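Here's a quick briefing to read with the structure open beside you. Grab your viewer and follow along.

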Amino acid sequence: RRRGGLARAARERPRSAARGRSRSGGGDRSGPERAGAWARRAGRRHSGRRGTGGMKSPQQGKPAGPRHWTTEEDALLREAVKRHGPGNWRTVATFVPSRSRTQCLQRWNKVLKP
């Protein structure tokens with residue numbers, strides 16, 4: 001009875017032999033050449049900046065967290081929808097400062113829509 005078959009044979013070989021490379025990493029590059037390539041690859045993945053978390057800071061234009069709609073913003077949104085219609089959200093958003101077209105769309109559909 002045959003147990004383990006191919007899996008057993010693969011386990012008995014060293015890992016580098018299973019991939020067809022030597023333990024030194026393969027190829028004819030060694031030393032600084034290999035280190036340079038690794039540094040280039042690592043540089044592509046990591047920018048070296050840490051702690052930014054991907055969140056925008058208040059200095060970059062928009063507030064960091066969500067904020068409530070004011071009555072003035074609601075009035076501006078109503079007027080812009082009256083002028084441009086409820087389908088042209090890119091244009092409507094230009095009349096409501098600091099609000100995106102998605103925010104205007106959602107505010108209209110969920111709160112202000114008559």
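Which residues in helix 4 meet which residues in helix 6? On the helix 4 side we have D74, L77, R78 and V81, and on the helix 6 side they meet C104, R107, W108 and L112. Keep in mind that this is a predicted model, so what follows is a look at computed geometry.

**How helix 4 and helix 6 pack**

- In general, a pair of packed helices is described by two things, the angle between the axes and the distance between them.
- Here the axes of helix 4 and helix 6 come within 11 Å, and they cross at roughly 95°.
- Angles of 65 to 115 degrees count as roughly perpendicular, and helix 4 and helix 6 are therefore roughly perpendicular to each other.
- Sort the residues of this contact by type and you get five nonpolar, three charged and no polar.

**The buried face of helix 6**

- C104, R107, W108 and L112 are buried in helix 6.
- Look down the axis of helix 6 and its buried residues fall within an arc of 95°, so they line one face of the helix.
- As for what covers the buried residues of helix 6, the list includes helix 4 and helix 5.

**E73 in helix 4**

- E73 sits in helix 4, which covers residues 71-84.
- Is E73 buried or exposed? Buried means under 20% relative accessible area, and E73 has 8%, so E73 is buried.
- A polar atom of the E73 side chain lies 3.1 Å from the backbone nitrogen of T70.
- Setting aside neighbours within four places in sequence, E73 is in contact with R67, H68, V96, P97, S98 and R99.
- Between E73 and C104 there are 31 residues of sequence separation, and their C-alpha atoms are 9.6 Å apart in space.

**S98, one of the contacts of E73**

- S98, which is among the residues in contact with E73, is found in the loop between helix 5 (89-94) and helix 6 (101-112).
- What is phi of S98 near? The value is near 65°, which is positive in a residue other than glycine.
- As background, most residues other than glycine have a negative phi.
- S98 has 43% relative accessibility, so S98 counts as partly exposed, whereas E73 is buried.

Key. Residues are numbered from 1 along each chain as its sequence is written. This is a predicted model: local features need pLDDT of at least 70, side-chain atom pairs count only at pLDDT 80 or more; totals for chains, interfaces and linings use all residues. Side-chain values use heavy atoms; hydrogens and water are left out. Helices (H or I, at least four residues) and strands (E, at least two) are DSSP runs, numbered from the N terminus. Buried means under 20% relative accessible area, exposed over 50%, partly exposed in between (1.4 Å probe, protein chains only). A polar contact is a pair of N or O atoms within 3.5 Å; within protein, one must be able to donate a hydrogen and the other to accept it, and residues adjacent in sequence count only if both atoms are side-chain atoms. Contact means heavy atoms within 4.5 Å. Axes are lines fitted to C-alpha atoms, for helices over the stretch in contact, and angles run from 0 to 180 degrees between N-to-C directions. Angles under 35 degrees count as roughly parallel, over 145 as roughly antiparallel, 65 to 115 as roughly perpendicular and the rest as oblique. Ala, Val, Leu, Ile, Met, Phe, Trp, Tyr, Cys and Pro count as nonpolar, Asp, Glu, Lys and Arg as charged, and the others, Gly among them, as polar. The arc is that of the directions from the helix axis to the C-beta atoms.
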